[in-house]
Amino acid sequence: MAEVKKAQPTGGGGGAWTRFVTARPRLTLLVALVLTALAVLAGGGVAERMGSGGWEDPDAESTYATEVLEREFPASQPNLLLLVDAGRAGVDDPGVAAEARRLAERLDARDGVDGVGSYWQTGSPALRSEDGHQAVIAARIAGDEKAAGETLQDLAPDFRGTHGPVQVSVGGPLAVRHEMQTIIQEDLLRAELIALPITLVLLVMVFGSAVAALLPLGIGIVAILGTNAVLRGITEFTDVSVFAQNLTTALGLGLAIDYALFVVRRFREELAAGAGTRTAVGTTLRTAGRTVLFSALTVAVSLAAMLVFPQYFLRSFAYAGIAVVLLAAAAALILLPAALLLLGDRVNALDLRKLLRRKGRAGARVRDAESGAEGAGWGRAAGLVMRRAPWFAVATATGLVLLGLPFLGVKFGTADDRQLPAVAESRVVQDELRDGFPGSPGGALTVLAEGQATPEQYAGYRQRIAALDGVARVDGPVTAGTGGRTHAYFTVVPEGESVGAETQRVVGELRAEQAPFPTSVTGAAAVLVDSKDAIGERLPWAAVIIAVVTLVLVFLLTGSVLIPLQAVVLNALSLTAMFGAVVWVFQEGHLSGLLGFTPTGDIETTLPVLMFCVAFGLSMDYGVFLLSRIKEEYDATGDHEGAVRHGLRRTGGLITAAAVILAVVMVAIGTSRVTNTKMLGLGVALAVLMDAMVVRSLLVPSVMKLTGRLTWWAPGPLRRIHGRFGISEGGNEGGTGTRTDAGTGIPEAPGQADPARVPAKVG
């Protein structure tokens with residue numbers, strides 16, 4: 001026997017929230033204005049407190065070895081390089097040599113500078129170019145990233161430029177990081193100047209009304225300014241990457257606009273249906289507001305998963321992402337309803353699309369991008385897809401898998417100076433070292449030896465590691481003793497590329513080699529090995545966190561067991577094109593000339609993790625929007641296919657508009673001159689468009705057609721849990737009218753429902 005499944009009353013909570021938000025709308029907006037002004041002050045200068053590193057595991061063996069070497073042997077870990085160009089005179093010219101020695105003495109006299117050495121002091125061929133026209137002065141600037149950056153900023157102008165017979169350029173790892181930080185700040189400002197006006201134009205096209213278009217933009221600006229203030233506070237306690245500011249802008253604008261689009265569109269629908277302003281706001285909060293809340297939670301969880309990784313580069317995106325998502329949702333659920341309550345029907349004012357209408361239609365009703373007339377096309381498309389569901393499901397899934405195949409050939413590496421544009425000074429210095437100096441700059445491995453040892457033990461160990469396959473040469477040991485503890489290090493020059501697979505293998509063999517004293521291995525390849533190990537060890541935990549919380553939230557939204565599984569699988573499938581494009585474009589170098597970057601033959605290890613978390617969260621954002629509307633219609637009618645058509649008809653245009661706007665923001669971020677930022681922006685833009693235009697339009701309706709009534713199945717205990725704790729967009733008080741078979745838990749087909757107990761479909 002069938003029983004009528006009643007929805008749990010949820011209007012009370014919604015009513016309380018509505019009363020709270022709308023009680024004093026003017027006061028709410030005034031307080032928000034004051035807090036935003038304070039956020040501007042608090043967040044000022046946040047970029048100057050951020051770092052541009054953070055790719056290393058702070059607890060790794062390579063990090064420990066680097067820290068000891070920096071302390072005991074500053075000259076072994078130079079982070080500042082002065083490239084001295086002698087021109088035709090050559091570096092061995094007496095006048096050139098004298099000037100170079102004076103420069104080295106001046107550098108050594110500066111506060112905070114240690115371990116100054118040069119070709120003219122050591123005669124090392126590694127510090128002299130093969131053509132004899134250039135040589136290097138190396139030094140280490142002491143202090144943490146911020147302090148060292150300030151020292152560099154102070155001394156660089158004194159050494160850069162012409163000094164007698166030589167021309168000096170400033171480079172080295174510290175200069176690369178400092179220049180990268182500067183470029184990122186400049187590019188972010190340019191991205192905002194590009195994205196804001198284009199976004200405003202697109203919003204006007206979506207809403208027609210200039211007033212309605214300005215509301216999402218205002219919410220986005222509030223979210224961005226608030227997040228900058230939060231990040232400024234976080235920098236007082238931990239390191240934060242400057243790259244996180246790009247995510248702040250992208251998500252601040254993108255998600256705030258998504259949420260505001262959803263809320264404003266629903267509010268205008270209620271007004272068009274004849275509801276009063278206060279009633280329309282209440283209904284909007286009870287329906288679209290809950291969907292926004294669920295969407296924000298799913299995106300925040302995807303970003304929070306990056307907190308399980310030790311690299312502060314990834315953790316920084318979690319800090320920024322969680323803050324901007326929650327602020328965007330809070331602004332959409334508090335400030336926006338207050339503004340809508342004050343505006344009322346004036347939300348449709350300044351209809352700029354009237355200029356494009358034919359004469360005689362000026363008095364026609366304002367048409368939303370999501371109005372029934374324009375949404376009819378989406379409904380027809382959904383009907384076509386469901387009529388040929390097997391074909392669309394197989395073809396779409398196969399196409400997405402094929403687009404992702406290049407990712408099977410991914411090679412992981414570390415970020416270096418080639419992230420910068422070719423004209424950047426520190427990049428030019430590194431290019432000269434790479435192309436014109438002997439050896440493999442930055443490719444050597446360093447083995448730190450600690451504890452007491454005899455010369456014979458050092459010699460024996462050096463002989464054993466020199467005999468390892470893939471080792472070209474071993475230099476050292478260089479020894480020092482402080483505080484009764486002896487330290488030494490060996491420099492191991494590998495035969496392979498600096499971070500290639502062969503050199504990574506050498507790292508493993510060096511670590512496995514037995515020694516009569518404790519050893520630690522560092523160097524670019526060792527850092528990469530440790531970073532890959534740290535990510536590989538924690539990646540399953542991040543995936544489990546994202547999957548489990550997503551499953552739970554989507555279940556609470558829909559009451560189905562199958563829909564959450566579909567959501568996770570289809571979301572992951574929507575990312576294949578992004579990962580395939582990342583390898584095809586950025587690793588293999590296709591389109592590098594058009595996009596303006598230097599391919600390095602690998603992908604920085606942390607970037608795929610970051611892009612997955614961001615893109616997966618945004619995909620769930622759109623998935624929640626669609627599923628909530630399908631669920632609302634299904635609860636009202638019990639018609640599975642009709643609900644899918646209705647959901648796509650009501651949200652297809654909205655999701656597409658939101659995706660296009662977010663893609664514009666991400667592409668603006670992708671205009672950055674720093675390769676990793678370009679990869680993040682363009683990759684996520686592609687993922688967002690593929691999700692909205694392919695997965696939500698083709699794959700979701702076809703799969704839901706194939707699963708049919710089973711789509712809404714849940715076992716009895718889970719149905720009772722959802723009945724008590726579940727929240728959906730159609731959370732009105734009273735029964736939903738959906739009939740459920742008491743024995744199977746599967747909703748009955750529309751034809752089996754009792755018409756007297758199914759509410760009529762409105763609109």
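**Figure 1. Cavities in the whole structure.** A search of the whole structure of this predicted model finds two cavities of 30 Å³ or more. On a 1 Å grid over the protein atoms alone, a cavity is a set of points where a 1.4 Å probe fits but cannot get out. Grid points are joined across faces, edges and corners, and a volume is the space filled by probe spheres set on the points. Residues are numbered from 1 along each chain as its sequence is written. Local features need pLDDT of at least 70, side-chain atom pairs count only at pLDDT 80 or more, and totals for chains, interfaces and linings use all residues.

**Figure 2. The largest cavity.** This cavity holds about 110 Å³ of space. Its lining (residues with an atom within 4 Å of a point) comprises 15 residues, of which Gln419, Thr600, Asp602, Thr675 and Asn676 are the closest to the centre. Two or more lining residues come from each of β12 (603-604) and α23 (675-707); helices (H or I, at least four residues) and strands (E, at least two) are DSSP runs, numbered from the N terminus. The element α23 gives the most, with three residues.

**Figure 3. The second largest cavity.** About 80 Å³ of space lies in this cavity. Its lining consists of Ile563, Gln566, Ala567, Leu570, Gly623, Leu627, Arg696, Val700 and Met704. The elements α18 (562-574), α21 (607-637) and α23 each supply two or more of the lining residues, and α18 gives the most, with four.

Key. Heavy atoms only, no water. 1 Å grid on protein atoms, 1.4 Å probe; cavity = no way out; pocket = protein on both sides within 12 Å on 5 of 7 lines; lining within 4 Å.
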